Amino acid sequence: MSGQYVHIKRKKYASELIWQPMVSGFTTRAYAQKLANGIDKHLNLYIRYNEMVGLGARAKGHRSGMPSIAIEIINALPGYSSMLGAFRVDNKYVLVAVRNGVILHDLLFDDEDSAREKYAELNEIPDWNASFAPADWGMPRAVERNLMELLSGRVHSVLHPISLFARSIMSTVLFAAFVFVVLYFFREPINQVFAPKPQMAKINPELAAEYKRQIEEKEKELDKEFEIRQEPEYQPIVMPYDSLPNPEERADLCYRAIGFLMQQIAGWNQTVVECGKSHVTATFKRSFGTLDDFYNIAGDVMPGVFVQEVNDNEVIVRAKLPERVLSQSYDERDTETMVRELTSRFQSINMDAEVVSMVDVVSNGRDSKDVLFVGVSAESKLIPEQFMTIFEDFGGVYMTKVSWNATRKMWNYEVIIYAK
């Protein structure tokens, strides 16, 4: 591939960027620099989209000032938090996958077979809000869109250099030229400023000593009146794998908590129940019942829950999960090994799952550390306790979220496995 970009309306758009989520405590440029040092030092360009940063490289044909094709496609198709799209541009194919506002894939293919194969693989993941693909691919639920007509030509953001070295050189040259021009046109006034002037009479040494003493006394008074600021004390960095619940206990707790909210309420249909980090939440939609019916029945079958009315026809019920014993746990294997072993394990039981290697950064305000982990998302008929047996010989396992789709009768899982 000659360059990882595409031409649209005589404008070059960057593709094949490496996307990572932003973390607090960093400027975008500083965080891009840290990511580039940890991933590939040839990455020397960055761009920001919401809470994500994309990295590019001049060696791949990317240039400063070049917009991202992924960002432009997302902005041209507003309203889709999860979108899968493949678009034909001349003899290339652009593929973009966005999940819950997070850019998962930003790909460019030279041949149609590879693009169609990757699209078909991603299309197996359920619950895309929208799907776009060439009509002759015959992909179910997909709509064809012409990228040439889709993009308006107005650019939302562009790539910037991670290093300021080149920009500093140009700024220095321009500043030097400016100084030269100023010195030339204002040489007469400047000569007058630096011309020798009559010397002032010497100050009386006794008056100077008295003046110095008065200044020192004033400084002492100010020191007493105001506390001198001390350098803040920084707490040690706490890694996320230092406090994890037992995977089996967490699965059992979520299963029982979801069961607690899976109650039949006449006139109201349950849609989704989700177990998160600290709460379990259920969503009910009205069919023929009333709000009074809901409150009367829910108060009996789900005592102590918090009820939020989204509107007259939708209600959210939330209950707090009990505290759990936490302990340190992580896996000794590297993330690439874990990705390979987990992918093989899901293949052996014929279950579709997305397994990716990821990196995050934790900071205490002064120092920072990389957090390496593997993310797994899957849909399954298995209940939580059964599903978590897939990870029984891994350390650092944390089921971040599990939800029950009452309409489709399926479980959706999100699990992360921390590496040391």
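Modeller: Strands S14 and S15 form a hairpin with two residues between them. The model is predicted.

Biologist: How many bridges hold S14 and S15 as a pair, and in which sense do they pair?

Modeller: Two strands count as a pair if at least two bridges are found between them. Strand S14, residues 306-311, pairs with S15 in the antiparallel sense over five bridges. Within this pairing, valine 307 stands opposite valine 317 of S15.

Biologist: Which other strand is joined to S15, and by how many bridges?

Modeller: Strand S13, residues 279-286, runs antiparallel to S15 and is joined to it by seven bridges. Here threonine 281 has arginine 318 in S15 as its bridge partner.

Biologist: Is S15 mostly covered or mostly open to the surface?

Modeller: A residue is called buried when its relative accessible area is under 20%. S15, which spans residues 314-320, is mostly covered, with five of its seven residues buried.

Biologist: What is the order of the strands in the open sheet of four?

Modeller: The order is S3-S5-S4-S10, and the pairing is antiparallel. Strand S3 (18-21) and strand S10 (160-161) stand at the edges with a single partner strand each, so one side of each has no neighbour in the sheet. Strands S4 (residues 45-49) and S5 (residues 52-56) run antiparallel and are joined by five bridges. Tyrosine 46 stands opposite leucine 55 in S5.

Biologist: How far apart are glutamine 33 and leucine 55, in sequence and in space?

Modeller: They are 22 residues apart in sequence, and their C-alpha atoms are 9.4 Å apart in space. Glutamine 33 belongs to helix H1, residues 28-39. Its relative accessible area is 31%, so glutamine 33 is partly exposed.

Biologist: Which residues gather in a patch of negative charge on the surface?

Modeller: Such a patch joins like charges within 9 Å, taken from residues with over 30% relative accessible area and no salt bridge. In this model, Glu248, Glu249, Glu385 and Glu392 gather in a negative patch on the surface. Glutamate 249 lies in helix H8, residues 247-261. Glutamate 249 counts as partly exposed because its relative accessibility is 49%.

Notes: Residues are numbered from 1 along each chain as its sequence is written. This is a predicted model: local features need pLDDT of at least 70, side-chain atom pairs count only at pLDDT 80 or more; totals for chains, interfaces and linings use all residues. Side-chain values use heavy atoms; hydrogens and water are left out. Patches are made of residues with over 30% relative accessible area and no salt bridge: like charges are joined within 9 Å, nonpolar side chains (Val, Leu, Ile, Met, Phe, Trp, Tyr) within 5 Å. Accessible areas come from the Shrake-Rupley method with a 1.4 Å probe; for residues, only the protein chains shown count as cover. A salt bridge is a side-chain nitrogen of Lys or Arg within 4 Å of a carboxyl oxygen of Asp or Glu. Lys and Arg count as positive and Asp and Glu as negative; His and the chain ends are not counted. The place of a charge is taken as NZ of Lys, CZ of Arg, CG of Asp or CD of Glu. Buried means under 20% relative accessible area, exposed over 50%, partly exposed in between (1.4 Å probe, protein chains only).
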